[in-house]
Amino acid sequence: MPTKTVAGTTVDVNEEGFFENPDQWTEDMAPELARDDGIDALTDRHWEVINFMRKEYFEKGTGPTVRVLGKASGVSVKELYELFPKGPAKTAARIAGIPKPHGCI
Amino acid sequence: MGETIEKVSIIMSKGSLEGIYPGLIMANGARAEGIEANLFFTFFGLDAIHKKRHEHIKVATVGNPGLHVATWLGGFPGMSSVMTHYMEHQMEALDIPSIPEFVEMIADTGAGMYACKLSVDMFKLTKDDFIDQVEDIITVGEFYEKAAGGEIIFT
């Protein structure tokens, strides 16, 4: 299994950079993970999405898709794509230290 | 990681429910993966962006062997509405948005939406007949310019 060093800690990730074990994630890793995905600074709105991703993951066992994010996170689909231009659910999951969300919508 | 797709242009040429959803799902899915996406609506596919028609898209119940309904029965009055209602119910359970909502959501993802000029002229439509998310009415040549450097998917 590949590993990656984030904020001085070694964590298990898959080939696409998603955390294998969300418990290895800490908040101070997020800014560095975000920079790897081309996001220079995390705003409060980014954090709202990141926290929602983790909450959903721990409640449901899988991260939310963009459809769910748009309906339930309090951030609209339009804004989600402004915050995470390379795919909101996918990018936010990587920054939030959870596996890639499964779902087609 | 291997090769990646950077851009897709999806042609929507069908006006039935089962003809419209696949292209919408592919466009939305592309944007979710961070892939640039354009939608080009042509022929009966224009119904998907037609203000008055896109709420009334129906499943084709005649000439659709996948439905496993006898052709004579599929042609019965109201059959298309009943099957559409049934299918919409199934999709709602999976949280698949209705066509109007889905098209709006896809526009919000930043995908480009265009209507085919020849079809628009043929059906005697104007830009006012379409939802506001439609950016422009373009020719096939302009479509190819927009599609340049990406994959083209015909549905």
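1. Ile5(B) touches Ile35(B) and Glu151(B), residues up to four places away in sequence being left out; two residues are in contact if their C-beta atoms, placed from the backbone, lie within 7 Å. Ile5(B) belongs to the segment before S1 of chain B. It counts as exposed because it has 11 C-beta neighbours inside 10 Å. Ile5(B) and Glu18(B), 13 residues apart in sequence, are 25 Å apart in space, C-alpha to C-alpha.

2. On the basis of the note: this is a predicted model, in which local features need pLDDT of at least 70 and side-chain atom pairs count only at pLDDT 80 or more, while totals for chains, interfaces and linings use all residues. Residues are numbered from 1 along each chain as its sequence is written, and chains are lettered from A and ligands numbered from 1 in the order in which they are written.

3. The sheet of chain B is open and consists of 5 strands with parallel pairing, in the order S4-S3-S2-S1-S5. Strands (E, at least two residues) and helices (H or I, at least four) are DSSP runs numbered from the N terminus, and two strands pair if DSSP finds at least two bridges between them. Strand S4 (136-138) and strand S5 (151-154) of chain B are the edge strands, each pairing on one side only. On average, neighbouring strands of this sheet are turned by 30° against each other, direction ignored. Strand S3 (residues 112-116) of chain B is joined to S4(B) in the parallel sense over 3 bridges, and Ala115(B) has Ile137(B) in S4(B) as its bridge partner.

4. H1(B) lies across strand S1 (7-12), strand S2 (36-41) and S5 of chain B, and runs at about 165° to S1(B). Such angles run from 0 to 180 degrees between N-to-C directions, with axes as lines fitted to C-alpha atoms, for helices over the stretch in contact.

5. In H4(B), the buried residues are Ile99(B), Phe102(B), Val103(B), Met105(B), Ile106(B) and Ala107(B). Their cover includes H3 and H4 of chain A together with H1 and S3 of chain B. Gly110(B), which follows H4(B), has a positive phi, near 100°.

6. The domain assignment of chain B, which is automatic or taken from a database, gives domain 1 (1-55 + 99-155) and domain 2 (56-97). The C-alpha centres of these two domains of chain B lie 23 Å apart. Their contact takes 13 residues from domain 1 of chain B and 8 residues from domain 2 of chain B. On the side of domain 1 that touches domain 2, H1 and H4 of chain B each supply at least two residues, and the largest share, 4 residues, comes from H4(B). By class, that side has 6 nonpolar, 2 polar and 5 charged residues. Here Ala, Val, Leu, Ile, Met, Phe, Trp, Tyr, Cys and Pro count as nonpolar, Asp, Glu, Lys and Arg as charged, and the others, Gly among them, as polar.

7. Between the chains, 15 residues of chain A are in contact with 13 residues of chain B. The elements giving two or more residues to the side of chain A that touches chain B are H3, H4 and H5 of chain A. This side of chain A has 6 nonpolar, 3 polar and 6 charged residues.

8. Helix H5 (residues 88-96) of chain A is mostly covered, with 9 of its 9 residues buried. Those buried residues pack against helix H1 (30-36), helix H2 (44-60), helix H3 (66-72) and helix H4 (77-83) of chain A, together with helix H1 (17-32) of chain B. Just after H5(A), Gly97(A) has a positive phi of about 70°.

9. The largest nonpolar core has 58 residues, and Ala92(A), Leu39(B), Phe41(B) and Ile49(B) have the most contacts inside it. Helix H4 (residues 99-108) of chain B gives the most to this core, with 6 residues. A nonpolar core is a set of buried Ala, Val, Leu, Ile, Met, Phe, Trp, Tyr and Cys residues joined through C-beta atoms within 7 Å. Ala92(A) is in contact with Val49(A), Ile50(A), Met53(A) and Phe84(A), its neighbours within four places in sequence left aside.

10. Strand S1 (residues 3-6) and strand S2 (residues 9-12) of chain A run antiparallel and are joined by 4 bridges. Asp12(A) in S2(A) is the bridge partner of Thr3(A). The two strands form a hairpin with 2 residues between them, and Ala7(A) in the turn has a positive phi of about 45°.

Conventions:
A residue is buried if 20 or more other C-beta atoms lie within 10 Å of its own, exposed if 12 or fewer, and partly exposed in between; C-beta atoms are placed from the backbone.
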